[in-house]
Amino acid sequence: MLWLDDLLIDKPGLVISIVAILVVATYSVIRQQLTTANKPWKTVPGGWPLLGHFYTMAAGGRIGFVQTLEKWADQYGAETGCFEFEVMGTRILVVCREDAAKEILSQRPFNVTRSTNLREAVKSLGATGVFSAEGEQWKQERKLISSTLNKIHMQDYVPTLKDSAIALIQKWEVDAKESPDGVISIKQDLGHAPADTVGKVFVGRDFDFLHNPESDMGGLVNQGFKALSRRVLAPIKFWKIPFIGQDLDGFGKYFRSGMATLSQVIKDYEQERAANPKANSKTFIAKLYDVMEQEKSKLDHERIVGNIVTAFAAGTDTTSLTLLSTLHFLAENKELQAELREHIRDFDLETATLDDYYTKVPVLKSFLHEIHRYYCTPIMGLQPAKDIPFCGTTLPKGSRVLIFLRHIMLQQKSPAEGVPTGPDNAPPQVFSYRRYLVPADENTTTSKEQKWQCIGPLTKGFSFLPFGHGVRTCPGRLYSEILSYAILIKLLQTFEFELAPNHL
Ligand code: HEM
């Protein structure tokens with residue numbers, strides 16, 4: 001008879017394997033005991049030897065992961081505002097309360113940086129821009145990018161943001177007419193419309209992902225996020241292997257064609273600008289070149305392309321997920337949908353200025369702020385660039401830190417200071433679309449009938465963290481908000497909508 005172990009492993013080999021596993025498992029248990037002994041924060045108990053809490057974190061998918069963190073934050077993070085768990089030998093510190101977060105975040109941008117895993121993975125997609133930069137490189141680029149996306153320049157982007165919103169809703173009108181039961185699928189389009197908008201606003205090109213998702217650039221944008229999730233979690237940086245690395249997960253071809261397209265777009269713009277310095281002056285790229293000249297702070301070609309890829313990467317999925325949560329919420333809440341439709345009925349998208357978006361739709365604004373607060377990306381990965389003081393001890397360079405943004409804003413026991421409760425007196429852990437409303441001040445509102453105005457949300461402090469915190473807070477926030485308002489206004493003016501039966 002042929003025994004299985006004859007095939008797989010010989011007897012001495014089996015003994016050696018068992019002994020090796022026992023040694024590593026014992027080491028892992030002892031290491032856990034030793035490393036937790038002197039720490040002021042608690043460690044989540046019950047991790048498996050070697051694997052730690054890998055199984056618990058992986059089993060529930062993304063939602064289960066966040067729910068587990070919520071439970072652990074209440075159970076183990078209440079005393080110090082942080083706790084630790086282990087996954088496959090890596091210890092991860094979760095910071096889940098305002099005071100503890102303040103200690104870490106106040107040490108940005110130089111002593112605390114983005115996590116290396118995230119930075120490296122982002123760079124591997126071609127996004128060698130401000131998001132993945134650190135130190136002096138970041139300082140230089142942040143100044144250029146922030147000023148190019150500020151309120152003054154944003155006024156020039158408003159018409160393009162509006163046109164993008166209209167293009168999306170017009171596509172849905174056509175799709176709905178062609179659909180026998182009026183049911184249309186919106187998920188893909190909600191990714192493509194923000195990507196189209198980045199193309200138009202940033203480089204003045206309509207890549208038309210909405211109708212042409214398979215284009216050269218479509219691959220870079222559509223496959224980029226899938227590649228990012230794979231690469232952030234990859235145990236080795238396989239994409240750095242010479243010649244074949246970028247292709248090992250199938251992303252290489254999208255990377256090469258997308259980068260070549262964008263590189264050519266920038267070269268074309270440079271030629272146009274040389275012939276006519278006012279060419280396409282209302283695009284981000286034109287403004288970036290203006291600012292680079294004014295500041296005498298030139299980025300090289302690769303970093304300019306990298307910052308445009310960054311805009312696609314940072315501005316597409318985030319805006320798309322926000323809109324998805326918003327539409328899902330409204331589809332399930334027909335009363336709120338009707339109230340908002342009435343609220344925005346007279347808003348004239350064609351003539352609207354940036355100020356109109358700020359002042360004329362306070363209830364819609366408050367609703368979107370609350371969607372951001374409630375459904376934001378729940379965590380942000382950071383790491384100390386050197387040993388830093390934290391929680392009465394020293395956090396070593398390279399430690400893995402997760403800032404639990406959602407918990408800090410929403411927790412019941414000690415929520416961040418300054419979360420407004422709104423006219424409904426809603427505690428922080430409750431979703432309240434009127435949270436950011438206060439009675440209208442006659443001197444600042446544009447119409448006598450206006451009952452409310454929308455405050456904040458605050459950019460300082462820890463009460464509103466969906467766009468991050470401090471000097472590295474998201475520079476695309478205003479841009480993304482205006483695009484979202486324009487899409488929601490056009491949508492509410494055009495459709496009544498609900499979830500399709502058996503929707504995904
Ligand atoms: C709903 C929409 C968005 C959300 C929720 C969002 C969220 C964030 C968050 C949480 C960060 C990290 C902040 C930190 O480290 O403290 C960030 C950074 C960044 N975002 Fe956004 N973002 C959005 C839209 C956009 C858009 C539309 C753009 C540009 C087109 C953009 C460009 C960036 C850039 C360049 C950074 C890096 C800033 C730096 O490292 O200094 N984001 N964003």
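1. Helices here are DSSP runs of H or I at least four residues long, numbered from the N terminus. With that in hand, a friendly place to start is helix α16, which covers residues 362-375 and holds Arg 373. Please keep in mind throughout that this is a predicted model.

2. Is Arg 373 buried or exposed? Buried means under 20% relative accessible area, and Arg 373 has 0% relative accessibility, so it counts as buried. A polar atom of the Arg 373 side chain lies 3.3 Å from the backbone oxygen of Val 430.

3. You will find Cys 474 in the loop that runs between β10 (452-454) and α18 (477-494). The UniProt record, an unreviewed entry, places the feature "binding site" at Cys 474.

4. How accessible is Cys 474? Its relative accessible area is 33%, so Cys 474 is classed as partly exposed. That class sits between the cut-offs of under 20% for buried and over 50% for exposed, and the calculation considers protein chains only.

5. Now step back to the whole shell around the ligand. It has 25 residues, and the closest are Arg 108, Arg 114, Arg 142, Arg 472 and Cys 474. By residue type, the shell divides into 12 nonpolar, 9 polar and 4 charged residues.

6. Which helices supply at least two residues each to this shell? Among them are α7 (135-148), α13 (301-332) and α18. The largest share, 6 residues, comes from α13.

7. In the side chain of Arg 108, an N or O atom is 2.6 Å from an oxygen atom of the ligand. For Trp 138, the corresponding distance from a side-chain N or O atom to a ligand oxygen is 2.8 Å. Arg 142 also has a polar side-chain atom 2.8 Å from an oxygen atom of the ligand.

8. Finally, consider helix α9, residues 187-203. At 1.5 Å a residue, its 17 residues should span 24 Å, and the end C-alpha atoms are 25 Å apart, which agrees. Why can α9 be called largely enclosed by the rest of the structure? Of its 17 residues, 15 are buried, so the description follows from that count. Just after α9 comes Gly 204, which takes a positive phi of about 70 degrees.

Conventions. Residues numbered from 1 in each chain as written. Predicted model: local features only at pLDDT ≥ 70, side-chain atom pairs only at ≥ 80, totals over all residues. Heavy atoms only, no water. Expected span 1.5 Å × (residues − 1). Buried < 20%, exposed > 50% of the residue type's maximum accessible area, 1.4 Å probe, protein only. Near = heavy atom within 4 Å. Polar contact = N/O pair within 3.5 Å; in protein donor to acceptor, adjacent residues only side chain to side chain. Nonpolar A, V, L, I, M, F, W, Y, C, P; charged D, E, K, R; others polar. UniProt positions renumbered as here; feature names shortened; annotations may be inferred.
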